[in-house]
Amino acid sequence: MLSLTLSPSNSTSFLHNKLLLRGNTGKRTKFCYVPIRTRCAVDTPYGGNVQKFPRRSVWDPYKRLGISRDASEEEIWGSRNFLLQQYSGHEASEESIEAAFEKLLMASFKQRKKTKINLKSRLKKKVEESPPWVKNLLNFVELPPTEVILRRLFLFAFMGAWSIMNSAETGPAFQVAISLAACIYFLNEKTKSLGRACIIGFGALVGGWISGSLAVPNIPSMLLRPTWTLELLTSLFVYLFLFLACTFLK
């Protein structure tokens, strides 16, 4: 006959309780200790105490993330981060949240791409339907990369700010000369023709000066500072024309 007896342990952890097996064989009594391994809840992959995402089976990604259909990308990101933080540690919940987020992100990307294509198509259609003189005029215009536009805009804006800061001391002749040289350099780099670049550059200079001379007298004096002379304000028009010429003209 075999009998089972629980032997108390001095250890405080219940993981080290041992089972005492006692065997009676006539005159001899045999004892053996068999260790028992107890599995804690945190050893399971999903954890008994880990909070589970209740909307894992919801098919609609908007409802799964708890946002409206007109939610912005910032709201989608915010909902995703909040839910991942709340249900962190539960693998199935995290996968469900990430899957819904990726669906919405892909749908937003496709919509932006479709809108961009439609805008280009409508613009191209309007150009094709425009009068011949408009088509001929557009043949001399191009749209460079955004980086090129911003760099040249910064250059000529800096020249304008420099001219305004030194308006009380000297005129803007030096800044205008530098701007004209920069405009000719950019045009020569684009057209590979120094003569064409010089013609366009000086044409922009003259056009800006004439436009400024005609427009400045019509500006209310209350908007102008006493140190802002006609020459200074006219030079601002010149910077604008030089920027447009070297950036958008072919």
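User: How does α6 pass α7, in a left-handed or a right-handed crossing?

Analyst: In this predicted model, α6 passes α7 in a right-handed crossing. A crossing is right-handed if the near helix is turned clockwise from the far one by less than a right angle, and left-handed if anticlockwise. Helices here are DSSP runs of H or I with at least four residues, strands are runs of E with at least two, and both are numbered from the N terminus.

User: What makes α6 oblique to α7?

Analyst: Helix α6 (residues 173-191) and helix α7 (residues 194-215) pack at an angle of about 140 degrees, with their axes 8 Å apart. That angle makes α6 oblique to α7, because angles under 35 degrees count as roughly parallel, over 145 as roughly antiparallel, 65 to 115 as roughly perpendicular and the rest as oblique. The axes are lines fitted to C-alpha atoms over the stretch in contact, and angles run from 0 to 180 degrees between N-to-C directions.

User: Which residues of α6 meet α7?

Analyst: On the α6 side they are Val176, Leu180, Cys183, Ile184, Leu187, Asn188 and Thr191, and their partners in α7 include Leu194, Ile200, Phe202 and Leu205. Contact means heavy atoms within 4.5 Å. By class, the contact of α6 with α7 has 11 nonpolar, three polar and one charged residues. Ala, Val, Leu, Ile, Met, Phe, Trp, Tyr, Cys and Pro count as nonpolar, Asp, Glu, Lys and Arg as charged, and the others, Gly among them, as polar.

User: Why is Lys192 called exposed?

Analyst: Lys192 has a relative accessible area of 69% and is therefore exposed, given that exposed means over 50%, buried under 20% and partly exposed in between (1.4 Å probe, protein chains only). Lys192 is found in the loop between α6 and α7, and its phi is near 60 degrees, a positive value in a residue other than glycine.

User: Why does Thr247 count as buried?

Analyst: Thr247, found in helix α8 (residues 230-248), has 0% relative accessibility and so counts as buried. Leaving aside residues up to four places away in sequence, Thr247 touches Glu142, Pro144, Ile149, Arg152 and Lys190. A polar atom of the Thr247 side chain lies 2.7 Å from the backbone oxygen of Phe243.

User: What share of the protein do buried residues make up?

Analyst: Buried residues make up 26% of the 250 residues. The protein has eight helices and three strands.

User: How are residues numbered, and which pLDDT values are needed?

Analyst: Residues are numbered from 1 along each chain as its sequence is written. Local features need pLDDT of at least 70, side-chain atom pairs count only at pLDDT 80 or more, and totals for chains, interfaces and linings use all residues, while side-chain values use heavy atoms, with hydrogens and water left out.

Note on methods:
A polar contact is a pair of N or O atoms within 3.5 Å; within protein, one must be able to donate a hydrogen and the other to accept it, and residues adjacent in sequence count only if both atoms are side-chain atoms.
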